[in-house]
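These are my notebook entries on one structure.

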Amino acid sequence: MASGKINVSVENIFPLIKKFLYNDHEIFLRELVSNATDATLKLKHLTSIGEAKVEYGNPIIEVKIDKEGKKLHIIDQGLGMTADEVEKYINQVAFSGAEEFLEKYKDSAKDSGIIGHFGLGFYSAFMVAEKVEIITKSYKDEPAAHWTCDGSPEFTLEPSDKTTRGSEIILHIAEDSLEFLEEYKIRELLTKYNKFMPIAIKFGNRTETLPKPENATDDYVAETVEVDNIINNPNPAWTKLPADLSDEDYKTFYHELYPMQFEEPLFNIHLNVDYPFNLTGILYFPKMSNDMQMQKDKIQMYQNQVFVTDNVEGIVPEFLGMLKGVIDSPDIPLNVSRSGLQADSNVKKISNYITRKVADKLKGLFNENREDFEKKWNDIKIVLEYGMLSEPKFYEKAGDFVLYPTVDDAYYTLAELKEKLAANQTDKNGKLVVLYASNKDAQHSYIAAAKDKGYDVLLLDSPIISHLIQKLEGDNENLTFVRVDGDSVEKLIEKDENQISKLSEDDSEKLKTVIETLVPKPTYNVQLEALDSNASPFIITQPEFMRRMKEMSQTGGGGMFGMGNMPEMYNLVVNSNSELATTILNTTDKNIQEHLVKQALDLAKISQGLLKGEELTAFVKRSFELIK
């Protein structure tokens, strides 16, 4: 058996790091500003424990463009490096100074906010630069150093005359990357990746008008001065305690995250946990529509205040992907380029925690102010219903706050609904029958008929309600949901068991045969029922099972619940006790008979919103002929 060490050729690995480590070349600025932040935070920690005998002050990081010289400068006032440290940290690929620092000061520096991890970020500079310089002076009383490299394994290291503490990285931008010398581009990248870095970042200057002195004369001319243009917020809301923030603070931060979002969020959930992992953040519930294709990727993920991604799949439960906000955790496992997640047991733990925290917050809002919660229900229901379907842990808690509204704007939890229905909405098997409408206007006549019988009708109109109903019925054996225009509703709201048909059995068969020859097959299944004579002559219903399957297939399409296309199938319930039924049966003129059936069928289709296109045009024309 042979053994040994694998040799890595610097000549081969260096081009790979430069070209393929990061998907986007723009990441270089995030990495270099992050390094500058680490250098500053390290100095802050060393001064706080008395190891660095220097004044920390109020250090900033400055980014400067020299367009004429084709150079980009990143300057910090951190702890700097000696020549030996440059040899150690810069000339050794994948040796992380941040990791070494955290290991050395593991008891005191674990919450210092230091960002670095892999020791590769600096080399991202060569993705856009043909030459890179480092001019650095340590906080220690040692000479400054000047390091230069043109992207090959060769470098130079010589003394420098720099006198101030900190480091300056100078990128000589390559010809194929000159866009990074444009002010708008650098501002865009700093805003995207470094907007909430914990150290102030200066990019350019701005003018500020001094306040007018109290003793100023009438001819006083306002004086302006140049001040540093700090483009980031080092202390974003999620880094603070909830007790230290007002409702207005949360709203202000929301608009800081989403400057183009003019509508106020409904409410927020502040995440703050330090065991068994560290995670902070703020999630906002915006107003929701019933559109399941709404834009996602609105939650921003940070690690120690450095933007990582807005693709939070895996770390945030899928149903909460429709929310907005930010989460930050040093414990989120990232890939080497810090642009995505690695598979890790912590990911699922964090996801479960977020689910539980959101459920607890919703329960608290419901208990504290139910009236306000009910007002917001229609704007948040799609998220909560989706959560009940996709997250078992959320479903377990949802019974405490998920609401079921009626068409008359009364709101019930499932437990309250069961108690209310027990009085008069049970079928012959003792099951509670939940009548519901999906469209208040289109199903108005059915709703009115049900209410006339003293029944409650829910308004359940989200696009995934059929899926949720299936789940609720499966978990509640004594509960069945029936849409108000469903095929069994007439037995509940129209049919009187004591009602006797005015037609004989033979006449009923004749009438059914006549109608079946005139209505489309197999779309309509003709059924004769002895209903109240005042009930509608023709009623279209849909088999509950088929309707649900169709709704679920429509919800999916190629998406979440796709089940393929389902055929159109309806029941045509003919009231055998209506005058129209008798007229159709006794009419000998086949044309008139056909005319009556078509007109009655079209009227029934209108009540279900099924009459469209050519059929609607023909119906309107036929109706005007009747008026004439």
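Entry 1. I looked up Lys 397 and found it partly exposed, because its relative accessibility is 31%. I use buried for under 20% relative accessible area, exposed for over 50%, and partly exposed for values in between, with a 1.4 Å probe and protein chains only. The model is predicted, so I note that local features need pLDDT of at least 70 and side-chain atom pairs count only at pLDDT 80 or more, whereas totals for chains, interfaces and linings use all residues. Residues are numbered from 1 along each chain as its sequence is written, and side-chain values use heavy atoms, with hydrogens and water left out.

The side chain of Lys 397 forms a salt bridge with that of Asp 360, at 3.4 Å from N to O. I count a salt bridge where a side-chain nitrogen of Lys or Arg is within 4 Å of a carboxyl oxygen of Asp or Glu. This pair links distant parts of the chain, with Lys 397 in helix α9 (residues 392-398) and Asp 360 in helix α7 (residues 345-368), 37 residues apart. Helices (H or I, at least four residues) and strands (E, at least two) are DSSP runs, numbered from the N terminus. Asp 360 is also partly exposed, at 40% relative accessibility.

**Entry 2. Further salt bridges.** I recorded a total of 22 salt bridges under this rule. One of them joins Asp 456 to Lys 420, with the closest N and O atoms 3.6 Å apart. Asp 456 lies in the loop between α11 (444-452) and β17 (457-459), and Lys 420 in helix α10 (residues 414-421), so this bridge ties together parts that are 36 residues apart in sequence. Asp 456 is partly exposed at 24% relative accessibility, and Lys 420 is partly exposed at 32%.

Glu 594 and Lys 598 form a salt bridge whose closest N and O atoms are 3.2 Å apart. Both residues belong to helix α17 (residues 590-607) and are 4 residues apart, about one turn of the helix. Glu 594 is partly exposed at 30%, as is Lys 598 at 38%.

I also noted a network of salt bridges that links Glu 26, Glu 179, Lys 185, Glu 188 and Lys 192.

**Entry 3. Helix α5.** Which residues of helix α5 are buried? In this helix (residues 183-193) I found Lys 185, Ile 186, Leu 189, Leu 190 and Tyr 193 buried. Seen down the axis of α5, they fall within an arc of 130 degrees, so they line one face of the helix. The arc is that of the directions from the helix axis to the C-beta atoms. The buried residues of α5 pack against α2 (27-48), β1 (61-66), β2 (71-75), β7 (201-209) and β12; contact here means heavy atoms within 4.5 Å.

**Entry 4. Strand β11 and its neighbours.** I next examined strand β11 (residues 299-303), where 5 of its 5 residues are buried. Both faces are covered, with Ile 299, Met 301 and Gln 303 on one side and Gln 300 and Tyr 302 on the other. β11 pairs in the parallel sense with strand β13 (residues 324-328) over 4 bridges; two strands pair if DSSP finds at least two bridges between them. Gly 325 in β13 is the bridge partner of Ile 299. β11 and strand β12 (residues 306-309) run antiparallel and are joined by 3 bridges, and Met 301 has Thr 309 of β12 as its bridge partner.

Entry 5. What lies between β11 and β12? The two strands form a hairpin with 2 residues between them. Most residues other than glycine have a negative phi, and most peptide bonds are trans. Asn 304, in the loop between β11 and β12, has a positive phi near 55 degrees. Gln 305 lies in that loop, with a positive phi of about 70 degrees. Asn 304 is buried at 18% relative accessible area, and Gln 305 counts as buried at 13%.

Finally, I noted that the peptide bond from Lys 521 to Pro 522 is cis, with omega near -5 degrees. Pro 522 is in the loop between α14 (505-518) and β19 (524-529).
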